[in-house]
Every structure is written in structure tokens, then in C-alpha cells.
Amino acid sequence: MLLEKIQGHKNTIKYLCSIIAKQRLAKTYLFFGPEGVGRELTANAFIMELICKNKHTLKLKHACEQCNDCRKILNKNHPDIKYIDPEQNKTIKIDQIREIKKTLQLKPYSLFNVCIIKKAHMMTIEASNAFLKILEEPTQNSLIILITNKKELLLPTIVSRCTQVGFNYLSIQETMKIVKDKIDISQEDLDFIISFSQGSPGLALQMIENKLNNKKDRVLTFLNNIVQDKTFSFVWDNENKNELIEDLDFLILFFRNIVLKKEIKEKTIDCKIVINNKIYDFFKTYSIDKIYNILEKILELKQGLLNNMNPKIIAQNLVMCFK
Ligand SMILES: [Zn+2]
């Protein structure tokens, strides 16, 4: 996708376009902001503008999206671009940083050697220190883009050496457009996931992939029972504890939405459109303290599940959060 066609992030995109226009490229960028809002997509679009052969030889205004370089960038298999991910989603190890060093020293096939480090905050201390050395001895024609949603976990000495580029949550309309363009989905389901995805199209798409409907029914039934019956007891006889974790995640999002609604009174996040009015109005009467209390308890239960506590006991305790 071309940089200027990316949804949202107006100022950020404008800034990146100006860097390209003025050819004032830094060696290292830190793309920070929430997950699923297009940080990696933007990084790829940015690189495409820098590397596209046609753009330079034919003096085009934008990358052509057709040449060999553009197509390879779009398919994420360009030989000059290395993507680093945390191993098993846990840490980025020193060996991976050594790989980066090697890559950056090679002669690029195109104009640049590029490294995109995803979840950069997951570098181990050793990896961070090795990475710092790379930043201290920059190589020619190289570009590094760090991507993170937890900037505060990076070494300050790394952050200070990067040009920072911020991303934010998208609006309801922007999120809706992105999801609609990608997936054929009913309006009702779309409304539901948009209200829960909090301006992160990536999260919305992930929800659809994770069988949204089952979850939606389970969570709505649970909340409805809480509203209607004070003596309701929640029994979990499903073997799959991950489903319970997902349900807790949905409940956390639901109550966070209510807090945001009450505290900020913004229209950006609207859970009323999907949670039937009865459920919504019921919980809206709760005080902020009471909702925070519920949220805290649900978060504790989720941690319990992650620490292998018995899902049946967690389910019993979940009802207690509301009593
Ligand atoms: Zn091109």
C-alpha cells in the first residue's frame, strides 16, 4: 500500500512524506503506538517509497507498486529487508541482533539494507546492548525501524538514538472501513467487533479470525444472566481454558469501554450499539469505582488462569466479581 493511502495517522504520514521529499533520512526510526493500527504497514510503505526503482529512474511522485522491488516489498520477501520477530513471541535474542549486524554490512541489491524489528521491547538485555553497538557504529545505506507498543521498556539509550514516529488508535469510521474492505461481514457483527476493538483494525480482524460469533453469544449470555439473576451461578465445563481466557478478555474490554464512556464521554468508543440497551444501561449505573473493582478482579482471574488455576473455580469466582 502507498504511504498516502494508509488510513488515519494523518500527521505521522505527512511527516514521513516530508522526510522522503526532503531526502532527510535518519538511520533509525522508532515506530511506537498501539498494536494493530498499521505501524508495520506504514513501515513497509515508507520503505517502498525509498527503494522503488521506477520512482527514482522515472521521477515518479510515488512508488510504482509494480517494479520488482515494490512487488517484493509488498510480498514481504525483498532480499534487502530483514524482519526480526521475538522467538516464540517471547524474546529477541542476541543471535538475532548479530544477524541484523551481518545484514546491514552486506551490499544491498537495491538502495538500502533495511531491518524491521517487531516488538522491539522484547530484546533481552544482551540483545539490547548489542543493538546499541549497531546504533553507535552506523553502516552506510542502512535503515532500521523498531516497532513497539511498549516504548517505555526499551533502553533509554536506544530510544534517544532513534527518530520517533508515533501512532495512535484509529477512529470508528477508519477502523470500520479497513475491516469492511478486507472481510465480508454482516453489519451486526461488524458493529460488535468495532466496538470491542477500540480503534485497532488489527485486533478487529484477529477477533473475526478467532470465531467472533461463539464468543459474542457466550459473553452476552453471561452478562445477561448477571443482569437478570442475582443468584446466577456460572458453571464452566468446557475443557478448553483458552476460551475462558478469551471471554475474560471480552469482559475486560466491555468494562473498559464503559469506563471510557463514563469518564471521557467521548463518542469514539460506542458499546451501546452492540450490547443490548438493557445490559448497557444496567452496568452504566455502576460507579466508576465499582467498575474498576470488577475489572481488577477479572484481571486477577485471568492471571490465575494463565498460572494454571482450575477453570471451574475461576468461573465460580467470576460470578462473585459482580456480587
Ligand atoms: Zn516500484
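This is a predicted model: local features need pLDDT of at least 70, side-chain atom pairs count only at pLDDT 80 or more; totals for chains, interfaces and linings use all residues.
Two strands count as paired if DSSP finds at least two bridges between them.

Select the five strands that form an open sheet; their order is β2-β3-β4-β1-β5, and the pairing is parallel. Now colour β2 (81–84) and β5 (163–166), which stand at the edges. Each of these two has a single partner strand, so one side of each is left without a neighbour in the sheet.

Next, select strand β3, residues 113–117, together with β2. The two run parallel and are joined by four bridges. Which residue of β3 is the bridge partner of Y83? Display the side chains here: the partner is I116.

**A loop residue.** Finally, move to E65, which is placed in the loop between α3 (53–57) and α4 (68–74). Is E65 buried, partly exposed or exposed? E65 counts as partly exposed because 16 C-beta neighbours lie inside 10 Å. Leaving aside residues up to four places away in sequence, E65 touches L2, C70 and L74. Select M1 as well: M1 and E65 are 64 residues apart in sequence, while their C-alpha atoms are 7.8 Å apart in space.

Note on methods:
Residues are numbered from 1 along each chain as its sequence is written. A residue is buried if 20 or more other C-beta atoms lie within 10 Å of its own, exposed if 12 or fewer, and partly exposed in between; C-beta atoms are placed from the backbone. Two residues are in contact if their C-beta atoms, placed from the backbone, lie within 7 Å.
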